[in-house]
Amino acid sequence: MYRHQFGFKKNPFRQSTDLERLFLGRHHEEALAHLTYAVIEGEGFSVITGESGVGKTTVCRSFVERLDRQVVAAFITAAPGLSPLQLLKTITTELGVHSGIRTIKDLTDALNAFLIQKKHEDKKVALFIDDAHLLSNEALEQVRLLSNLETTRDKLLQIVLIGRPALSDILGSPSLRQIGQRVSVNYFISPLDYEETVAYVQHRISISSTGPPVRFDQAAIRTVHKFTDGIPRRINTACDRILTEAYKRRERSISAKTAIDVLRQRPKGSQDILPPGFFRRNPLLLVGSGILLLAVIAGWVYISSEPKTGKPSPAPGTQADKLAEQKRAQPPAAPAGTGLVPAAPSVQAESDGAAEKKDAAPVDKDQLLAVLDSMRLQHNLDRIETTAAVGSEPSTELSYSVQVGAFLMEANAQRRADQLTSKGYTPQITAVTDPQERIWYTVRIGDFPSIELAQKLADEFSAREKKASVVRPFNAY
């Protein structure tokens with residue numbers, strides 16, 4: 001829909017394992033390094049895990065594509081209910097071991113003969129099983145038996161299991177401890193951080209553009225990162241929706257307002273609005289929501305149980321009694337200098353002689369849970385909106401950046417920024433005024449909520465590039 005307006009030769013955020021668009025974050029690169037070590041050194045069992053959509057399959061497929069001819073690789077995808085026999089047939093077919101044999105023993109013997117032949121040819125054989133967390137214990141036990149195919153010196157088959165974090169728990173269970181004990185490489189791929197999300201979005205747009213690429217404001221990408229938790233698949237979905245809305249609004253620069261407006265809308269049939277683990281990372285919100293829910297229920301019960309008839313007023317007492325009653329009814333005065341307004345007097349509880357209360361109205365549990373779910377969603381979006389200012393202005397939370405250059409001429413600053421961009425950084429040029437009213441064009445990297453986080457990046461930058469860097473308040477000299 002929006003390809004023509006933004007000048008895309010193809011959809012930049014299409015969900016696919018297109019290796020042409022491969023973007024490697026720090027954890028993806030480390031996963032590749034672990035795979036290289038495992039296959040080259042013949043380590044036997046390797047496990048690669050990560051959340052759904054983080055890029056496990058893409059990384060492993062890219063690794064297989066880079067293997068030289070000395071490595072024969074099979075890449076299969078597991079399915080629920082796959083029996084050991086079906087698993088063996090799938091593996092042998094993918095490796096090119098064609099046979100009419102139908103028993104597990106004969107298939108294993110044929111596979112063993114194939115592996116020995118490749119060993120004589122000085123070749124390695126690697127087996128990648130994606131979605132391995134879906135395999136039954138029986139199928140995983142069959143995989144373990146395949147790892148027993150070896151000579152007196154070397155493993156004949158390197159096995160890589162790919163799956164969600166639950167895979168590590170499965171392999172650590174008592175029934176599968178023999179597999180768990182054989183795992184020599186176990187790596188968890190974490191989501192992209194904010195800086196990587198910026199680079200990911202820019203990479204996807206750049207390789208898909210035929211002309212000057214459309215630009216996401218920094219605050220817009222920050223919104224996307226907070227909403228998606230840095231999961232590439234979710235980033236693709238969010239950016240595709242945002243670009244569709246920007247097309248309708250005829251925008252060329254994507255603002256945080258557009259991003260927030262889009263992400264507020266829940267797609268039809270969507271069940272994954274809040275980022276994974278949102279309440280695990282925000283326990284106070286979960287506790288607060290529970291307290292608020294109890295307060296709502298208590299208030300409902302109290303209102304529903306109020307008597308319909310009023311209580312007769314007590315007979316008037318003496319003047320002293322009236323003055324004492326008035327004094328008790330007055331709210332306490334606020335301490336001097338606080339500027340606080342005294343609260344309204346609270347409603348007094350009824351005495352023991354009050355009329356009998358009626359039964360409380362039944363509480364609709366589903367309705368209350370729907371209200372609470374709505375409150376959770378609203379809190380998440382409000383959190384995004386308050387930390388991502390409209391337009392390209394930085395938020396108040398992310399207020400420190402790493403300054404890696406300062407120039408009186410903007411052209412010099414742009415030259416430094418281009419150099420950093422070619423090295424994979426995401427620099428930005430910020431004009432600031434010094435005490436002598438001179439305008440400096442500073443080259444900055446990052447936008448952080450604390451000095452400590454910014455200083456960490458500054459130290460890493462200086463060590464890597466052998467250049468000075470300093471932490472500065474965002475948009476400040």
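Residues are classed here as buried when their relative accessible area is under 20%, as exposed when it is over 50%, and as partly exposed in between, with a 1.4 Å probe and protein chains only. Helices (H or I, at least four residues) and strands (E, at least two) are DSSP runs numbered from the N terminus. The model is predicted, so that local features need pLDDT of at least 70 and side-chain atom pairs count only at pLDDT 80 or more, whereas totals for chains, interfaces and linings use all residues. Residues are numbered from 1 along each chain as its sequence is written, and side-chain values use heavy atoms, with hydrogens and water left out.

In helix α3 (residues 56-66), the buried residues are Lys56, Thr58, Val59, Cys60, Ser62 and Phe63. These buried residues of α3 pack against α2, β1, β2, β3, β4 and β5, where contact means heavy atoms within 4.5 Å.

The strands that α3 packs against, β1 to β5, belong to an open sheet of 5 strands with parallel pairing, in the order β2-β3-β4-β1-β5. Its edge strands, β2 (71-77) and β5 (183-189), each pair on one side only, and neighbouring strands are turned against each other by 15 degrees on average, direction ignored. Two strands are taken to pair if DSSP finds at least two bridges between them; in general, strands of a sheet pair through backbone hydrogen bonds, either parallel or antiparallel. Between β2 and strand β3 (residues 124-130), the parallel pairing extends over 7 bridges, and Phe75 stands opposite Phe128 in β3.

Helix α2 (residues 26-41) packs on this sheet, where it touches β1 (45-50), β2, β3, β4 (158-163) and β5, and its direction makes about 165 degrees with that of β5. Helix α4 (residues 84-95) lies across β2 and β3 and runs at about 140 degrees to β2. For these angles, axes are lines fitted to C-alpha atoms, for helices over the stretch in contact, and the values run from 0 to 180 degrees between N-to-C directions.

Helix α5 (residues 104-120) comprises 17 residues and reaches 24 Å from its first C-alpha to its last, close to the 24 Å expected at 1.5 Å a residue, the expected span being 1.5 Å times one less than the number of residues. Its buried residues are Leu107, Thr108, Leu111, Phe114, Leu115 and Lys118. Because these residues cover an arc of only 125 degrees around the axis, they lie on the same side of α5; the arc is that of the directions from the helix axis to the C-beta atoms. The cover over this buried side includes β2, α4, β3 and α6 (137-146), whereas the face of α5 turned away from it carries the exposed residues Lys105 and His120. After α5 comes Asp122, whose phi is positive, near 60 degrees.

Within helix α6 lies Leu140, which counts as buried because its relative accessibility is 0%. Not counting residues up to four places away in sequence, Leu140 touches Ala132, Leu135, Leu161, Ile170, Leu171, Leu176 and Ile179.

The whole structure contains 4 aromatic pairs, in which rings of Phe, Tyr and Trp (its six-membered ring) have centres within 6.5 Å, planes under 30 degrees apart counting as stacked, over 60 as edge-to-face and the rest as tilted. One of them, between Phe23 and Tyr200, is edge-to-face, at 5.6 Å centre to centre and 85 degrees between the planes. This pair links distant parts of the chain, with Phe23 in the loop between α1 (3-6) and α2 and Tyr200 in helix α9 (residues 194-208), 177 residues apart. Both Phe23 and Tyr200 are buried. The pair of Phe75 and Phe128 is stacked, because the ring centres are 5.9 Å apart and the planes are at 10 degrees; it links strand β2 to strand β3 across 53 residues. Phe75 counts as buried at 10% relative accessibility, as does Phe128 at 0%. Ring pairs also join Phe63 with Phe75 and Phe128 into a cluster.

Strand β8 (residues 400-407) pairs with β10 in the antiparallel sense over 6 bridges, Val402 having Ile445 of β10 as its bridge partner. Strand β9 (residues 427-433) also runs antiparallel to β10, joined to it by 7 bridges, and Gln428 stands opposite Arg444 in β10.
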